[in-house]
Amino acid sequence: MTQRLTYSSIIFLLLFLPSHKYASGELVYSQNGMVVSASQTASEVGVDILKQGGNAIDAAVATGFALAVTYPSAGNIGGGGFMVININGHNTTIDFRETAPFAATEKMLLDEEGNYNTKKSLHEWTSVGIPGSVAGLIYALEKYGTMNLREVIQPAIDLAENGFVLDYWLTESINKFYSSFSSIESSKNIFTNKGDSLKMNSLFVQKDLANTLKLIRDNGKDGFYKGIIADIFVEQSRNNNGLISYEDLENYKAIERDPIISSYKEYQIIGMPPPSAGGIGIAQTLAVLEKYNFTKEQWASSGYIHTISEILKYVYADRAEYIGDNDFHEVPIDYLLSENHINDIYSKISETAIPSLEINNIHYFPSEKTETTHYSVIDRDGNAVSTTVSLNSSYGNKIVLDGAGFLLNNHMDDFTAKVGVENQFGIVGSEANKIAPGKRMLSSMSPTIVLNDDKPFLILGSPGGSTIITSVLQVIINVLEFNMNIRDAINAPRFHHQWLPDEIVLESYGMTEDVKFNLINRGHKLKEISILGRVEGILFDKHNNLYWGSSDKRGFGKAVGY
Ligand code: DON
């Protein structure tokens with residue numbers, strides 16, 4: 001009897017404990033709140049803030065600063081991002097995308113012959129946009145948070161100052177760039193072990209970063225955009241043919257913008273407006289897709305993949321032609337989302353693949369690579385935050401700001417360096433996304449909140465450059481249309497089409513030979529890739545009043561609830 005009681009109590013505990021933590025790719029549930037990010041430690045920092053009574057914004061800001069320490073490939077203070085918020089029923093977004101320096105010129109990323117030059121746009125100081133993350137996180141906290149900066153940034157300071165143990169994944173991730181880090185003295189000092197590669201299980205201490213975070217803690221935004229950090233920034237930029245000035249840093253502002261709000265069946269989709277193409281792209285695709293009635297059996301069939309790919313060609317052609325920083329070049333948002341335009345796209349989709357250049361042959365040469373990270377947060381009151389941040393390439397341009405301990409973004413490459421030429425993501429752009437002083441570069445980052453009955457139902461986002469939009473979109477469809485749970489919706493194989501290049505990109509092992517054969521017969525080219533995106537998502541289950549979270553099995557993050 002005693003034994004039975006013990007067993008049943010264990011089973012009871014396993015089933016009903018309010019808080020669970022598992023590895024990436026697992027399904028986690030909780031009752032009071034949840035943070036899902038690419039780093040377990042950063043998710044735990046966020047959940048601690050929730051436990052202290054902080055709201056979703058407090059937790060998101062704490063997670064954001066922690067990611068700058070524990071996930072240096074993309075979590076950052078030297079880059080930028082976007083935040084979508086639903087708080088007390090109010091939807092809003094914060095744009096903290098990097099800006100081009102005031103001295104930027106349209107052709108600054110071209111070489112002497114006028115060709116797109118990856119050194120300038122990806123590797124050297126000319127690749128650096130004015131970072132927005134510090135301004136963005138502080139804006140969110142001051143306007144929508146309940147705690148002070150000191151409280152939410154301290155965990156990140158402690159992690160940087162006292163160090164944390166390098167796990168296998170982070171060690172591998174950093175060591176992959178050993179030769180780049182070794183070639184830059186300031187980066188070598190942090191991302192190598194005195195010139196050797198880093199060792200798993202060693203303590204990773206970042207004193208300079210801790211000091212920078214303390215300056216922010218003590219002086220707010222000015223601790224980063226003025227004073228000693230600004231001095232270091234401007235001096236090193238000048239010494240390396242960069243364009244960054246005091247004026248650029250002092251004038252950087254996060255901008256609160258109205259979200260792109262669209263609907264799919266009984267759900268509302270709250271997405272990021274320009275300079276992200278994410279909100280518009282997801283809204284357009286869902287609006288066309290709503291006209292179809294896919295059955296469960298059709299999921300991942302060749303017809304299903306064909307239809308979505310065809311819609312995506314139009315969506316990405318629109319992106320290339322029309323989307324950029326709306327404050328510099330008007331984006332025809334109403335037209336792009338109008339019933340007429342959606343019907344027009346729908347009417348053009350047939351059983352066979354339409355060649356991309358028949359959709360639009362504007363001679364854009366695609367130019368967008370690859371590290372970004374997303375975190376999703378919900379609190380006990382159902383307030384939700386969806387944030388995607390990036391340095392653009394993995395570890396940005398690999399340059400650590402000497403003395404300040406953080407990596408610099410190479411987001412200037414997200415501008416259309418040359419109309420019609422591919423960037424690192426093979427994506428092309430137009431006049432709408434040309435470089436101009438103070439302008440924000442076009443992005444695919446798609447932090448999204450889906451509402452049901454006006455309450456956050458699904459909170460998600462992903463890295464993946466130009467594939468972000470399609471990764472986020474497919475998880476939304478998997479949940480809304482096919483009723484998958486959040487883990488299955490995230491882990492299911494994905495595919496991608498971005499108009500140019502004219503090919504369906506699919507995850508290896510993600511499609512049967514039969515489906516591939518049928519797609520080729522319909523006129524598609526196929527290309528295999530190891531992974532598409534890494535979605536971090538939360539779903540609210542109103543029947544059981546539970547939050548379900550999952551960190552993509554493609555990554556090494558964690559959903560942590562309480
Ligand atoms: O803003 C953008 O769309 C890109 N710079 C994001 C880069 C990215 O997602 C790379 N990640 N894997």
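Analyst: Start with F191, which is buried, at a relative accessible area of 2%. Buried means under 20% relative accessible area, exposed over 50%, and partly exposed in between, with a 1.4 Å probe and protein chains only.

User: Before more of that, what kind of model is this and what are the ground rules?

Analyst: This is a predicted model, where local features need pLDDT of at least 70, side-chain atom pairs count only at pLDDT 80 or more, and totals for chains, interfaces and linings use all residues. Residues are numbered from 1 along each chain as its sequence is written, and side-chain values use heavy atoms, with hydrogens and water left out.

User: OK. Where is F191?

Analyst: F191 is in helix α9, residues 185-191. Helices are DSSP runs of H or I with at least four residues, strands are runs of E with at least two, and both are numbered from the N terminus.

User: Which residues is F191 in contact with?

Analyst: Setting aside neighbours within four places in sequence, F191 is in contact with P72, I174, F181, L198, F204, Y395, V400 and L407. Contact means heavy atoms within 4.5 Å.

User: And how far is F191 from K253?

Analyst: Their C-alpha atoms are separated by 30 Å, and F191 and K253 are 62 residues apart along the chain.

User: Switching to L109. Buried or exposed?

Analyst: L109 counts as buried, because its relative accessibility is 0%. L109 is in the loop between β4 (90-96) and α4 (118-123).

User: What does L109 touch?

Analyst: Not counting residues up to four places away in sequence, L109 touches N115, Y116, N117, K120, S121, T126, M412, A417 and I435.

User: Now the core. How many residues are in the largest one?

Analyst: The largest nonpolar core has 84 residues, and I77, L213 and F406 have the most contacts inside it. Helix α3 gives the most to this core, with eleven residues. A nonpolar core is a set of buried Ala, Val, Leu, Ile, Met, Phe, Trp, Tyr and Cys residues joined through side-chain atoms within 4.5 Å.

User: What surrounds I77?

Analyst: I77 touches F65, A68, P131, S133, V134, L209, T212, L213, I216, F224 and F406, leaving out residues up to four places away in sequence. There is also a second, separate core of 81 residues, which includes M272, V331, M445 and L473.

User: Back to α3. How do α3 and α6 cross?

Analyst: The axes of α3 (residues 56-70) and α6 (residues 149-162) come within 8 Å and cross at roughly 20 degrees. That is why α3 counts as roughly parallel to α6. The axes are lines fitted to C-alpha atoms, for helices over the stretch in contact, and angles run from 0 to 180 degrees between N-to-C directions. Angles under 35 degrees count as roughly parallel, over 145 as roughly antiparallel, 65 to 115 as roughly perpendicular, and the rest as oblique.

User: Which residues make the contact?

Analyst: From α3 they are D58, V61, A62, F65, A66, V69 and T70, and from α6 they are L149, V152, I153, A156, L159 and A160. By class, the contact of α3 with α6 has eleven nonpolar, one polar and one charged residues. Ala, Val, Leu, Ile, Met, Phe, Trp, Tyr, Cys and Pro count as nonpolar, Asp, Glu, Lys and Arg as charged, and the others, Gly among them, as polar.

User: And what about α15 and α21?

Analyst: The axes of α15 (residues 302-322) and α21 (residues 513-521) come within 9 Å and cross at roughly 45 degrees. The two helices are therefore oblique to each other. S302, I305 and H306 in α15 meet V515, N518 and L519 in α21. That contact has three nonpolar, three polar and no charged residues.

User: Last topic, backbone. Which peptide bonds are cis?

Analyst: Among them are P274 to P275, with omega near 15 degrees, and L500 to P501, with omega near -5 degrees. P275 is in the loop between β9 (267-271) and α14 (278-289). P501 is in the loop between β14 (495-496) and β15 (504-507).

User: What is phi for D454?

Analyst: Phi of D454 is near 65 degrees, a positive value in a residue other than glycine. D454 lies in the loop between β12 (448-452) and β13 (455-460) and counts as exposed, at 55% relative accessibility.

User: And N483?

Analyst: Phi of N483 is near 55 degrees, also positive in a residue other than glycine. N483 is in the loop between α19 (468-480) and α20 (486-491), and at 65% relative accessibility N483 counts as exposed.
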